[in-house]
Amino acid sequence: MKVVTILALLSAFIAVSSAGNVVCYFTSWTIYREGDGTFAAKDVDPTLCTHILYAFVGLAWDATVKILDDWEITGLDELNHLISLKEQNPNLKIILSMGGWNEGSYQYSQVAADPSLRATMIDSVISFLKENGFDGFDLDWEYPGQRGGADDDPQNYITWLGELKAALNAEGYILSAAVSGGVGSMDISYPDGKAISDNLDMINVMTYDYHGDWEKWVGHNAPLYASHLDEGDNAVLNVAAGIQHWIDNGADPKKINIGLGTYGRTFTLANASNTELYAPVYGTGEQGPYTQEAGMLGYNEICALYSDWEETWDDEQKVPHKVNGDQWVGYDDVKSIQLKIEFANEMGLGGAMVWSLDTDDFLGKCGEKYPLMKAINQNLK
Ligand SMILES: *[C@@H]1O[C@H](CO)[C@@H](O)[C@H](O)[C@H]1NC(C)=O
């Protein structure tokens, strides 16, 4: 009896004293990258995350779970490899994430608006979680009321989350959602931040992608604060303003995870001598050998392959960028991640969400393995 009480007290103490959430996205498609870019479930360090989110499954026309890459699951057995990481960290939760940018918004809007499709979707999700050994579900609809969505999406979204949360929690599963960190986008998609917060266990705010090659001038992917060069709406395109807007709209800070990117967004400068914010650009920066996507580079590429590029620290935005000739990349490093985690601590947030594990320096090509993930874990309160 006494031993039981002591153990109960001890585990309660550990639960209270342990640091916040470290929610890590695992992206299924990175197993097909080449050379040192290849990233599979075996490359995950399961001690650096409290939650791993499998990205992504889709939403089928009939509102059931849609497998997006059958070979990755049935041929390469990656879902089982991912779930078995729990053997190395029994506290680790593995979460199924549905949606993402490429899924668009239309089908989510259709399901959100229809009670019977919502019910089908929820049944299908719970069956999928049970069959595959997941611990929860993450909805990544980008975004209600945008990109092919409808005007009544924001209200239907809250109804959908409420039904999902009730059904999932009843089975012992948690519900999280990825939501926009842009103030303008929030005002369209999530006007009632409190209702969203009430109907989620965790709110993963995507406080990145503030600037990129869709603009005609240089801007940083994820500034912590505004620059004096920011004017008008651009002055709120930063991490601090995004998180503050969620809290102002009624979200519970303890449910909010600050979004952190392990990548940078790139530009080709119009004039290699003009490297300031808002300098004119020709377009996207050149692709890297691992990520092979024009307009972005992984931190693992930036630190190991572009170590000779000239680095500058922006002390207003609290983020670094690198320039080489006409190539410009704004990204996060150990120092900027540390400052963002200190901000999250000061705001009393629940923790951090990371997009994504595969572009941290997971092989330790620039020093210790997983420098960005370690910076998060060492500083989060
Ligand atoms: C390129 O930028 C530099 C630095 O801002 C400036 O002095 C120069 O006039 C620019 N060149 C052209 C062709 O615009």
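## Ser 105, a buried loop residue

Ser 105 is buried, with a relative accessible area of 1%; buried means under 20% relative accessible area, exposed over 50%, and partly exposed in between (1.4 Å probe, protein chains only). This residue lies in the loop between strand E4 (93–99) and helix H4 (106–112). Helices (H or I, at least four residues) and strands (E, at least two) are DSSP runs, numbered from the N terminus.

A polar atom of the Ser 105 side chain lies 3.0 Å from the backbone oxygen of Tyr 143. Leaving aside neighbours within four places in sequence, Ser 105 is in contact (heavy atoms within 4.5 Å) with residues including Trp 141, Tyr 143, Gln 146 and Arg 147.

## Basis of the model

This is a predicted model, in which local features need pLDDT of at least 70, side-chain atom pairs count only at pLDDT 80 or more, and totals for chains, interfaces and linings use all residues. Residues are numbered from 1 along each chain as its sequence is written, and side-chain values use heavy atoms, with hydrogens and water left out.

Helix H12 (residues 371–379) is largely enclosed by the rest of the structure, because 7 of its 9 residues are buried. These buried residues are Pro 371, Leu 372, Met 373, Lys 374, Ala 375, Ile 376 and Asn 379. Their cover includes strands E1 (21–27), E8 (256–261) and E15 (351–355), together with helices H10 (299–305) and H11 (334–346).

Met 373 of this helix also belongs to the largest nonpolar core, which has 102 residues. A nonpolar core is a set of buried Ala, Val, Leu, Ile, Met, Phe, Trp, Tyr and Cys residues joined through side-chain atoms within 4.5 Å. Met 98, Met 121, Phe 137, Leu 139, Trp 160 and Met 373 touch the most other members of the largest core. Strand E2 gives the most to this core, with 7 residues.

Residues up to four places away in sequence not being counted, Met 373 touches Val 22, Cys 24, Leu 48, Cys 49, Val 354, Leu 357 and Asp 360.

## Backbone features

Most residues other than glycine have a negative phi, and most peptide bonds are trans. A cis peptide bond joins Ala 55 and Phe 56, with omega about -5 degrees; Phe 56 lies in strand E2 (residues 51–59). Another cis peptide bond joins Trp 355 and Ser 356, with omega about 5 degrees, and Ser 356 is found in the loop between E15 and H12.

Asp 77 is not a glycine, yet has a positive phi of about 60 degrees. This residue is in the loop between helix H2 (70–75) and helix H3 (78–83) and is partly exposed, with a relative accessible area of 30%. Asp 209, also not a glycine, has a positive phi of about 60 degrees. Asp 209 is placed in the loop between strand E7 (202–206) and helix H9 (239–248) and is partly exposed at 31%.

## The cavity

On a 1 Å grid over the protein atoms alone, a cavity is a set of points where a 1.4 Å probe fits but cannot get out, and its lining residues have an atom within 4 Å of a point. A search of the whole structure finds 1 cavity of 30 Å³ or more. The largest cavity has a volume of about 50 Å³, a volume being the space filled by probe spheres set on the points. Its lining includes Asp 36, Tyr 290, Asn 300 and Asp 360.

Key:
Polar contact = N/O pair within 3.5 Å; in protein donor to acceptor, adjacent residues only side chain to side chain. 1 Å grid on protein atoms, 1.4 Å probe; cavity = no way out; pocket = protein on both sides within 12 Å on 5 of 7 lines; lining within 4 Å.
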